[in-house]
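I start with single side chains and then widen the view.

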Amino acid sequence: MKSSNNNRRKFMATTLQSVGLTALGGLLWSGYCDEAKASPLVLRPPGALKEKDFLKACIKCGLCAEACRNRESNKNRDGTQREGTLKMAKGGEHKLIGTPYFIPTDVPCYMCDDIPCVPVCPSGALDMKSLLNEKEELDINRAKMGLAVVHKESCVAFWGLQCDACYRACPLLDEAITLEYQKNDRTGKHAFLLPVVHSDICTGCGLCEKACITEKPAIFVLPREYAMGKAGDHYVKGWDKKDQQRVGNRKIDEIETHNERSDQTPTDYLNREIEY
Amino acid sequence: MKNIKYLLLRRATQIILMFLYFAANAYGWHILEGTFGSSKLFGLIPLADPYTTLQVLSAGFILGADVLVGALLITLFYMIVGGRAFCSWVCPINMVTDLANWLRRKLKLDKEEVNYRFLKRRTRYWIMVLGLIVSAIVGVAAFEAVSPITIMQRGIIFGFGTGIAVVVAIFLFDLFGVRNGWCGHLCPLGAAYSLIGQKSLIRVKHDHDACTACMECKVVCPENQVLHMINKESISVTDKECTNCGRCIDVCGDDALGFSIRNLKKNS
């Protein structure tokens, strides 16, 4: 009787120990993985799902990077293969290890017509459907890898110097980046030729960043999630029929927002000082 | 030559496979592309690692058909033919841990009682299940985020970066820490392949009549608990943790061990 009690106690103790150590391992492991995937400023291949889903889906096989590097067009004049755009994240690069990404200042995306990197993806992390046009053909212009952003203070075009390197490097010439003409009041007789990026067309390929002449590029690509703001659904363009319809089609209880101020009258809060 | 036949065959297989993966990126060969997570054989047949596939599924993503078919093919191969052969015939970490184990024997570390008993061989099965749970919680394939196997493989194909540290860590752990620590106690991929291949056909068979009980096989075996029949009875090694590496066959001077096909008829 006593020995069976002892056996049971031993069994309980070892089971408890295993469960406890597993829980400990699970906490450490989850903590590490959660930190490891928090690398927001990273540019993914064309057609990549939203970062959160991409990290779930990517099986880290590297087929996209291999297709990118070994594509026909990626050869030097002497026939040797050039470095590809896509890199596989290594240890020490502070990105989730084994996931594909690119750095435009190293090698930008050259926006191949046949998009070799996407159809080879076996897991669906690179979504081919998102790159199909109305005719169901692959269309690299639909890619949304990121968005080019101009830093006015370091862009010499904003100083009044003539530079349109980014404008000319853009594969969607005069669409994704246009030049805005403005009078240069400092000289009184020259014009500013200012690059303006259009977020609905820019694919984030990074050719502009690569072409930028300043020491550190004044135009650079950021993930769209970080480069873009959002006005909110309740702002309606009164001059835009489509936008008006968007509001007209909505159910009234979806539009209503209720916050702390809703129960008060304007006289309650309009003349009140800001409270910290 | 005789006593390293299977060792040479294994090294050749491992190195050729790694070279084919390397050449897919370096020279654009379409023989074996990708990494263990998901590969393409001859630019056509999809192959995928079953445990990695399970992690991605449990992270909450419905994978493309290529990966699912690939995982099925690999599962069927090891289930029917190879057993846990992935570990000793394919995995590049095996070369690292075999080297550590060999040095360990040369340095006679085990005689100096440098072993940590708290680590059990069954730990890997806990880690295997845990990997799926963590994948589900964090929303990312958890073992793939740390796996020394694919870190080493990608290192060979695309360059190591500081990822080489993980490989060195495994080497040091196996050399100075636990004997066969990584492959024999911790690796969840090995655990998954153990479960997949437990009924496979190719097995090492022991011939009790020829055995002289020198126990060389038990010294060299990385999972020596599977050799419980040595000098006892003439049966096949049917434990699921046997990696079919054939080192026991190599070192046996009495022809008491050899590969054979599992006896499918139940012996009463």
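Predicted model: local features only at pLDDT ≥ 70, side-chain atom pairs only at ≥ 80, totals over all residues.

For my numbering, residues run from 1 along each chain as its sequence is written, chains are lettered from A and ligands numbered from 1 in the order in which they are written, and side-chain values use heavy atoms, with hydrogens and water left out.

Phe19(B) and Trp29(B) make an edge-to-face pair, because their ring centres are 5.7 Å apart and their planes stand at 80°. Phe19(B) belongs to helix H1 (residues 5–26) of chain B and Trp29(B) to the loop between H1 and strand S1 (32–35) of chain B, so this pair ties together parts that are 10 residues apart in sequence. Helices (H or I, at least four residues) and strands (E, at least two) are DSSP runs, numbered from the N terminus.

I looked next at Tyr21(B) and Phe36(B), which also pair edge-to-face, at 5.6 Å centre to centre and 90° between the planes. Tyr21(B) sits in helix H1 of chain B and Phe36(B) in the loop between S1 and strand S2 (38–41) of chain B, so parts that are 15 residues apart in sequence are tied together by the pair. Tyr21(B) is buried, with a relative accessible area of 5%, and Phe36(B) is buried at 9%. I noted that one aromatic cluster takes in Tyr21(B), Phe36(B), Phe77(B), Tyr78(B), Phe86(B) and Tyr193(B).

Entry: the nonpolar core.
The largest nonpolar core holds 120 residues, and among the members that touch the most others are Trp29(A), Tyr78(B), Phe86(B) and Leu227(B); such a core is a set of buried Ala, Val, Leu, Ile, Met, Phe, Trp, Tyr and Cys residues joined through side-chain atoms within 4.5 Å. Helix H6 (residues 123–138) of chain B gives the most to this core, with six residues. Domain 1 (5–195) and domain 2 (201–261) of chain B both contribute residues, so the core lies between them; the domain bounds come from an automatic or database domain assignment. Leaving aside neighbours within four places in sequence, I listed the contacts of Trp29(A), which include Ile127(B), Leu130(B), Val134(B) and Phe143(B), contact meaning heavy atoms within 4.5 Å.

Entry: domains and chains.
The C-alpha centres of domain 1 and domain 2 of chain B lie 24 Å apart, and their contact takes 23 residues from domain 1 and 22 residues from domain 2. About 1700 Å² is buried between these domains, with 45% given by carbon and sulfur atoms; buried area is the accessible area (1.4 Å probe) that two parts lose on being put together, summed over both. For the two chains, I noted a contact of 47 residues from chain B and 34 residues from chain A, with about 3200 Å² buried, 67% of it on carbon and sulfur atoms. Phe61(B), Trp126(B) and Phe158(B) supply 17% of the area that chain B buries against chain A, more than any other three residues.

Lys60(A) has phi near 65°, a positive value in a residue other than glycine. Lys60(A) is found in the loop between helix H2 (51–57) and helix H3 (63–69) of chain A and is buried, with a relative accessible area of 1%.

Conventions:
Buried < 20%, exposed > 50% of the residue type's maximum accessible area, 1.4 Å probe, protein only. Phe/Tyr/Trp six-rings, centres within 6.5 Å; stacked < 30°, edge-to-face > 60°.
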